[in-house]
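Please look through the following notes with the sequence and the model open beside you. They are written as numbered points, and each point takes up one part of the fold.

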Amino acid sequence: MSAATVPDVAWHGEAVTIGDVSSALSGIRRKFAQSDADDQEHPHARNCVMTLVAVATASGDEARAQRASVAIATHHPHMAIVVSEELNVRTGRMDASIATHPLSPSSTVHAQCEVVSLHVRGAAGEHLAALVDPLLLSGVPVCLWWLDTPPFGTSELLDAIRICDALVVDSA
């Protein structure tokens, strides 16, 4: 998320589970659905053409993935799940946030892009499928974007690929 972006929901320094994130995401969607129902004169289409799962392992990649997700949304409405990993940390803790982004600052479309950010420390980051799967939308293709060189041949990558339809590798 950019510096100007304020998350709709955020958990920092407290115990958060994927269930908490999933419930909050459902609540945000219900709120938007209700406000759309209240505005009978101007219905707002709710589209989601994909889920982009971005895995950031290097410093700064999390913000880059968040910015790219919002930029992609101008042409491809989607949900993004940005997972920032710190596998070498002993404590298994997760911080999370959810931010919604309209098509443009003047847009009346409530959520052209939902960005779920998961900052995972410890061994939980090795199980991406377990973290991401409960947040996925049924019937929507899932693209996995590894922002650094993927750990080819590891169980972590194989686990993540299991829930994805496509793997995007940053060839630079």
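**Notes on the predicted model**

1. Of the 172 residues in the chain, 43% count as buried, where buried means under 20% relative accessible area, exposed means over 50%, and partly exposed lies in between, with a 1.4 Å probe and protein chains only. The chain exposes about 8800 Å², and carbon and sulfur atoms supply 55% of that area; accessible areas come from the Shrake-Rupley method with a 1.4 Å probe, and for residues only the protein chains shown count as cover.

2. Please keep in mind that this is a predicted model, in which local features need pLDDT of at least 70 and side-chain atom pairs count only at pLDDT 80 or more, while totals for chains, interfaces and linings use all residues. Residues are numbered from 1 along each chain as its sequence is written, and side-chain values use heavy atoms, with hydrogens and water left out.

3. The secondary structure comes to four helices and seven strands, and along the sequence these follow the pattern β-α-β-α-β-β-β-α-β-α-β. Helices (H or I, at least four residues) and strands (E, at least two) are DSSP runs, numbered from the N terminus.

4. The seven strands form an open sheet in the order E1-E4-E5-E3-E2-E6-E7, with mixed pairing; two strands pair if DSSP finds at least two bridges between them. Strand E1 (9–11) and strand E7 (166–169) stand at the edges with a single partner strand each, so one side of each is left without a neighbour in the sheet. From one strand to the next, the twist averages 15°.

5. Which strands pair with E3? Strand E3 (residues 78–86) pairs with strand E5 (residues 113–121) in the parallel sense over nine bridges, and Val 83 stands opposite Leu 118 in E5. Helix H2 (residues 61–72) packs on the sheet, where it touches strand E2 (50–56), E3, strand E4 (94–101), E5 and strand E6 (142–146), and its direction makes about 165° with that of E5; axes are lines fitted to C-alpha atoms, for helices over the stretch in contact, and angles run from 0 to 180 degrees between N-to-C directions. E3 also runs parallel to E2, to which seven bridges join it, and His 78 in E3 is the bridge partner of Met 50.

6. Eight of the nine residues of E3 are buried, so this strand is largely enclosed by the rest of the structure. Glu 86, which also has its place in strand E3, is partly exposed, with a relative accessible area of 29%. A polar contact of 2.6 Å joins the side chains of Glu 86 and His 119; such a contact is a pair of N or O atoms within 3.5 Å, and within protein one must be able to donate a hydrogen and the other to accept it, with residues adjacent in sequence counting only if both atoms are side-chain atoms.

7. The largest nonpolar core has 32 residues, and those touching the most other members are Val 21, Ile 81, Ile 98, Val 116, Leu 118, Val 132 and Leu 144. A nonpolar core is a set of buried Ala, Val, Leu, Ile, Met, Phe, Trp, Tyr and Cys residues joined through side-chain atoms within 4.5 Å. Among the elements that give two or more residues to this core are helix H1 (18–38) and helix H3 (128–132), and H1 provides the largest share, six residues. A second, separate core of 12 residues includes Val 82 and Trp 145.

Key. Contact = heavy atoms within 4.5 Å.
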